[in-house]
Amino acid sequence: MKVTFFVTCLADQFFAEAGVAAVKLLRHLGCTVEFPQGQTCCGQPAYNAGYWAEARQVAEYTLGVFENAQYVVLPSGSCTTMLRAFYPELYREQPRMFARAEALSHKTFELAEFIVKVLGVNHLGQGLQGRRIAYHHGCHALRELGIKQEPLTLLRNAGAEIVDWAATEECCGFGGLFSVKLPEVALSMADRKLSTLPAQSQIDFLTSADGGCILHLAGRIENRGLGLAVRPLASVLWEATQ
């Protein structure tokens with residue numbers, strides 16, 4: 001099975017180890033992984049800001065880069081949502097481009113989703129035995145794509161315990177440009193979410209499939225001196241195989 005890997009901006013700039021881990025994991029599971037050097041941003045910042053004409057320019061370029069891929073896999077729920085849900089939305093009134101966007105949409109998957117739903121793999125190994133993990137469901141993955149059980153299944157089957165977190169599905173407040181336009185609200189949302197965590201001393205780390213959420217939550221954790229590690233899901237899943 002041939003996978004074309006879309007690393008995303010945040011993984012490339014802030015979580016390079018997660019991108020490497022995702023590629024290692026896919027190869028470990030028997031996939032041939034390609035990495036187009038011409039890939040850029042998916043265009044989500046422009047889309048979210050209402051600059052749809054500019055977003056279409058980025059989208060059209062990205063459609064060309066990934067047009068011949070068998071599967072496109074991303075270590076990000078939000079960027080996966082951009083390709084899968086919002087690209088077709090950009091081209092509702094342009095039948096030819098809409099068809100291209102739909103074709104890409106049908107072969108685009110978030111990493112954990114791809115492993116479980118496409119590869120049919122539920123067990124990666126026992127590398128997370130004894131780990132107690134807090135899982136944050138990013139809004140795009142959970143609410144736009146319906147991805148909920150896939151990452152939890154892979155973590156639990158690798159021996160991890162997912163802690164009972166009342167706000168696990170609550171928005172962290174990042175919201176892309178939302179946190180730039182309304183920083184006070186965004187920070188309050190993150191603090192509210194973190195305040196509902198069980199005793200941090202009993203949690204090994206917090207993880208999520210979304211780099212933006214991780215940056216936002218990690219910043220608040222450091223600012224408040226909570227001493228809780230935050231790790232990208234891709235890195236944790238690779239550890240599960242060890």
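Visitor: Which residue in β7 does Ile133 stand opposite?

Guide: Please note that this is a predicted model. Ile133 stands opposite Phe205 in β7. The strands concerned are β5 (residues 132-136) and β7 (residues 205-208), which pair in the parallel sense over four bridges.

Visitor: In what order do the four strands of the open sheet lie?

Guide: The order is β6-β5-β7-β8, with parallel pairing. At the edges are β6 (161-162) and β8 (229-232), each of which pairs on one side only.

Visitor: How many aromatic pairs does a search of the whole structure find?

Guide: The search finds six. One of them joins Phe6 and Phe66, with 4.8 Å centre to centre and 15° between the planes, and this pair is stacked.

Visitor: Is Phe66 buried or exposed?

Guide: Buried means under 20% relative accessible area. Phe66, at 1%, is therefore buried, and Phe6, at 2%, also counts as buried.

Visitor: Why is the pair of Tyr47 and Trp52 called stacked?

Guide: Planes under 30 degrees apart count as stacked. The planes of Tyr47 and Trp52 are at 15°, with ring centres 4.9 Å apart, so this pair is stacked. Tyr47 is buried at 11% relative accessibility, whereas Trp52 is partly exposed at 29%. Ring pairs link Tyr47, Trp52 and Phe86 into a cluster.

Visitor: Which residue lies over the face of Phe205?

Guide: Arg231 does, at 4.8 Å from the ring centre.

Terms used. Residues are numbered from 1 along each chain as its sequence is written. This is a predicted model: local features need pLDDT of at least 70, side-chain atom pairs count only at pLDDT 80 or more; totals for chains, interfaces and linings use all residues. Side-chain values use heavy atoms; hydrogens and water are left out. Two strands pair if DSSP finds at least two bridges between them. Helices (H or I, at least four residues) and strands (E, at least two) are DSSP runs, numbered from the N terminus. Rings of Phe, Tyr and Trp (its six-membered ring) pair if their centres lie within 6.5 Å; planes under 30 degrees apart count as stacked, over 60 as edge-to-face and the rest as tilted. Buried means under 20% relative accessible area, exposed over 50%, partly exposed in between (1.4 Å probe, protein chains only). A charge sits over a ring if NZ of Lys or CZ of Arg is within 6 Å of the ring centre and within 35 degrees of the ring normal.
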